Amino acid sequence: MISTRRQFIKISGLGFGGAAIAASSVKLAHGAGLFGSDDDEQFNDLKNKRFPTYCEVCFWKCAGWTHTNDKGEIQKILGNDKDPHCYGRLCPRGTGGLGMYQDEDRLKTPLIREEKNGKQVFREASWEEALDLIAEKFNKIKAEDGAESIALLKHGTPGKHFEHLFEAFGSETVGEPAYAQCRGPREAGFAATFGSWIGSPEPTDIRDTKCLVLIGSHIGENMHNSQVQEMAQAIDNGACIITVDPRLSTAASKSKFWLPIKPATDIALLLSWMNVLIYEDLLDLNHIKDNTYGFEQLKEHVRNFTPEWAYNITNIKPDQIRKTAYEMANAAPAVIIHPGRHVAWYGDDTQRERAMAILNGLLGSWGKRGGFYLKEGFKLPSYPHPAYPHPKWTWRDLAKDYPLAGMGLTQEVIRASIPEEAGEHKVKAWLVVGTNVKKSIPHQDLVNRAIEALDFLVVVDTMPMDIVGFADVVLPECTYLERYDGIRSATNREPSIALRMPAVPPKYESKPGWWIAKQIGERMGVGEYFDYEDFSEVLDWQLQQIGSSLEEMQDIGVKNLKRKSGSLYFAEGEKVNLPTNSGKIELYSTELAAKGFDPMPKYTPHAEPEEGFYRLIYGRAPMHTFSRTANNPHLTDLKDKNTLWMNPKVAKLWGFETDEEVYLKNQDGVITSFPIAIRVTERIRWDAVYMIHGFGHTNKKLSRAYGKGACDTEMITNVKVDPIMGGTGMRENFVTFIKDNGKGTKA
Amino acid sequence: MKEVLFASGRNIPNVDPQLHAWHWPIPVYLFLGGLAAGLLFFASYYTIIGKEKEMPAVTKWAPFFVPIALVVGLGALFYDLTNKLFFWRLYTTIRIESPMSWGAWALMIITPLSFLWIASYFKEIFPNWSWKFDFLEKIMDWVTENRKVMAWILLPMSIILGIYTGILLSAFNARPLWNNSILGPLFLVSGLSTAAALITWISKDAHERHLFTKIDLVLIATELFILTHMFMGFQAGPSVQQEAAFLLNGGEFTVVFWVFVVILGLVFPAILEISELIGYKVPVAVPAMLVIIGGLVFRFVMVEAGQITRYLY
Amino acid sequence: MRYGMAIDTLKCVGCGDCVVACQTENNVPFGYCRDWITETIDGTYPQVELEFRSERCNHCENSPCVRCCPTGASHIVEGGIVVVTADKCIGCSACIESCPYDARYTHPLGHVDKCTFCHHVRDYKQTTACSAVCPTSCIYFGDLDNPKSEVSMILKNRKFKDLAPEAGTKPQIFYLI
């Protein structure tokens, strides 16, 4: 949708100021001289240097070593053996991370939107000018509407620098797609049961489990590094894997039981499992008595949810339901009903996650070996800065319709940016960093209207993603390989810290996120919150406080610390004391009841596709992180577009063959911008089609990603919002296939 | 349904989706090599048994095609190399297990000898020809006197040249269409046949023409017999070979193979040649040209189809 | 000393890490690959089987590519590893035609290239780039002649197959099934 107010500007030929880079499209071998041998000394690591870093290609943040060759170029990135996120093995995206650095399509200079001959274009600008303009606009909005009206939409490590900046100048209006569009429902569901969030990485003790149950989770296609590694270990140990998925995912193909469930009926299956476990006496009643609250209510609640009842709804035979329940009971407490990660599906997702949490609670896996370990993190002391001011309103006020929302809801920030939709709090400007909101947020209609209405839009990114074309000011950030960032300190079995340091200087005119935040901060009068010249000073100070130093971390990369919070697991027979209202595992959720929601999950049928339409389901590929890697040459070599998985029966019905291209049209009449190639495969049900998310890019400057595949976000116009925490369910969208998209372009 | 695909985006030029590493230069060379081999075989045989005077086309005129064919053929091969600067490495070693190495060395011997052969006839054809240098005159005189020595060398070498191209292909056990032991003799016979056809075309002597028409007929019959044998071998072989045979016998190469190679390249010329022998007036160029073109098309079909056949996927 | 691999298809998720790691370790040009992932699916929904395989040059014992090379560029070094000496290769593509696994390709610089079992790093890192990076640790690399090596032990304990045995090249990569 092209708005007259803010036109999408195709970045063509601009942003190429700065050092000219001769990017040849063929990477050639070193040392293949006329009389040279094929034993090439350049690969002798003893001559190369290595710098510690942690990966930014996805949120797993595996620590690794960036190896440079004797020309100072990045040769390869290997994992850090001591890192509990990756154990020395990076995933394909991390291994291919140097492609982000080498990508000649990168943003190179700051860009400012201006009107020229009636058209809106970007012109290159100096950092001074760009930063001055941003500060001027932000200061103006702060004076007129309040700092709260400036919103931050973020993802990843650079987001932390800008969150600090925003809190410094008085705004807590923040949102990240990773919450409401992704894992939000499971945090609310598990918190209502066990009193704490799942968090990242998930504290699932997969390597020691005897039974791993995946509800739609596609470990192996999602490359959650240590989860995949541990699943492989579980396979080696002969663990039983049960996968509930309408599609034969990779994990399903390695499962002892694959339950090819009818989409949108998972809660029925989960309830019937509870029925079997309870009524066939498969539970440890001591554990139930000592550690749970609300068993009697639950028992009554699931009385009629028999496997026979579930069979009608889910298409899974009763004996399969029973067999899998027996497997889980046998393995208990070394059983994991995996919470999944992207769980915003149908709008009742918190309740589905509640059902999964209840099953874990019944089987006693929380805090047990082979179930969920008791994770521990490490909080580094904050670099000293003045206290943050108190904003008059925050993201909480925007999310007040959703009682259990634990983080900013992006769609509410977006809604508040549209004058007709906003409530009493209005958002006037955005700073978007590290997230391509044109692809990550469903209901693009809302996003487009918001972008149109904003007074000012700043985008900080490394690549010319779709959102960049709508910015007023574009700031090129350098990649993670070229900068310092905060110390990584995530929760795990043992706490650990990891250092990120630059292996090469920033390319072109790009700058690190911390520098950009500091520069804006100084221009907005909050320079005292950035009392350092280089971010390495902050890191050194923090590390000195805990008995380490920047020098030590530069040498070792990762430091594993001792646990302080007690044992990794509850002791045998130990009575749990959890941060819930009752102190126990809440099978009946007092928190949900208090807020007026169902204290125990119910099955509600969801909409089904009409004739000729198919449910659109989407997922990940192990070699991509959606938009972020869609242009990375190493990874486009592996997969450069998505395809539409279609059951052979459906293909026969429509007369389609593999590699044939079609446009998708959804139930609201929206048609995809680009066609997609069909893959006829037995791996998918006949009532659904599947595609990988993150393709179909519209920015021509992404030379390897432009026009490749189709964008599923365009098809997600029917958003089912979870009333408990505001999650945006995306799987109730149905598509049909057309050859002619009505714009004169035939597939 | 069975689905096999590359999940890592593999798309190597000339290998995916189907192998196509050898392009037109290879069948061109195979054809020219076979033709040259046949011409040299007949030339040296008839020289050895002392029939040079009676067979002028065979021993004097036809050999003029040999250096041209070899130079063009080798030029095509050189053009096909992807690492041309290192071509001389071929001549730094002999690898017994590599038919291509035999070929390289055989050509190393045959090519200069074929130049010498036609050079030895220059004085006969151009009476005023002089070799300019004294030592050259002496050498050429000796050569012309002792043409039989060259013939004795060229006789086995020409057989090697004719047969090694087939053996080269049949040594690729990865390509089911080629991997049969009949291919060597088949290529040799085909080469001899094209040579015989060329000789009938250029010969001005009726007796010579007649003889070689008969020889060509025998060779065509032999070729048809070997082809039948080859197909029977495919049918009796593993499924990959049956699929390979299907390419020629029902698949995409059926028309080209049966029409241009078998009917127009073998059967029809044979009929024409028989009619000629019986007494009908047939323009000699027609069957000769058909046999020669048939030989070329046959090489193209074998090289193209062979690369498509495979064991995996 | 004979190097070989055992690759566990039960663990391989087809992520392509082995492909990227090989690319950055060995400077494989974009558009080419020394190893690749093959996905095979059989059956009818919902009785479907899926197998992922990480494939590469099998460093065959009876290697047709070494036999047919006219210059000796394609040769076998210690451990049975098949390598190509770039400046002896004339680019005749005979070896490419002779490989039943399509493991070889013509490098943009002109010579023929393929997996070398990372033999350039053998001194200090006893394994290959792909084996070292695989997140599921499904690639076992080692000495098949040593009965105590990890790869020999796992082949003793598990069922396995090799690819296209009827091509007769005696491949040294075995897929655990």
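**Exercise 1. Work out how many salt bridges the rule finds across the interface of chain C and chain A, and what else holds to that contact.**

Start with the count: four salt bridges turn up between chain C and chain A, a salt bridge being a side-chain nitrogen of Lys or Arg within 4 Å of a carboxyl oxygen of Asp or Glu. One of them pairs A:Arg679 with C:Glu39, with 2.8 Å between the closest N and O atoms.

Before going on, a word on the ground rules. This is a predicted model, where local features need pLDDT of at least 70 and side-chain atom pairs count only at pLDDT 80 or more, while totals for chains, interfaces and linings use all residues. Residues are numbered from 1 along each chain as its sequence is written, chains are lettered from A and ligands numbered from 1 in the order in which they are written, and side-chain values use heavy atoms, leaving out hydrogens and water.

Next, the polar contacts: 18 residue pairs across this interface qualify, both residues at pLDDT 80 or more. (A polar contact is a pair of N or O atoms within 3.5 Å; within protein, one must be able to donate a hydrogen and the other to accept it, and residues adjacent in sequence count only if both atoms are side-chain atoms.)

Now see which elements of chain C take part. Helices (H or I, at least four residues) and strands (E, at least two) are DSSP runs, numbered from the N terminus. H1(C) has the largest share, eight residues.

Finish with size. Contact (heavy atoms within 4.5 Å) links 52 residues of chain C to 59 residues of chain A. About 4300 Å² is buried between them, 58% of it from carbon and sulfur atoms; buried area is the accessible area (1.4 Å probe) that two parts lose on being put together, summed over both.

**Exercise 2. Which residue of chain B meets A:Arg679 in a salt bridge, and what surrounds that pair?**

The partner is B:Glu3, at 2.6 Å from N to O. That's the one salt bridge the rule finds between chain B and chain A. Four residue pairs are in polar contact there, both at pLDDT 80 or more.

For the extent, nine residues of chain B touch 10 residues of chain A, and the two chains bury about 720 Å², 54% of it on carbon and sulfur atoms. B:Glu3 shows up again here: along with B:Met1 and B:Phe86, B:Glu3 is among the residues of chain B that lose the most area to chain A, together 56% of what that side buries.

**Exercise 3. Why does strand S10 of chain A have one side without a neighbour in its sheet?**

First get the order: four strands make an open sheet, S10-S9-S8-S12 (chain A), with parallel pairing. Two strands pair if DSSP finds at least two bridges between them. Strands S10 (257-259) and S12 (335-338) stand at the edges with a single partner strand each, so one side of each lacks a neighbour in the sheet.

Then look inside. S8 (residues 211-215) and S9 (residues 240-244) of chain A run parallel, joined by five bridges, and A:Ile215 sits opposite A:Val244 in S9(A).
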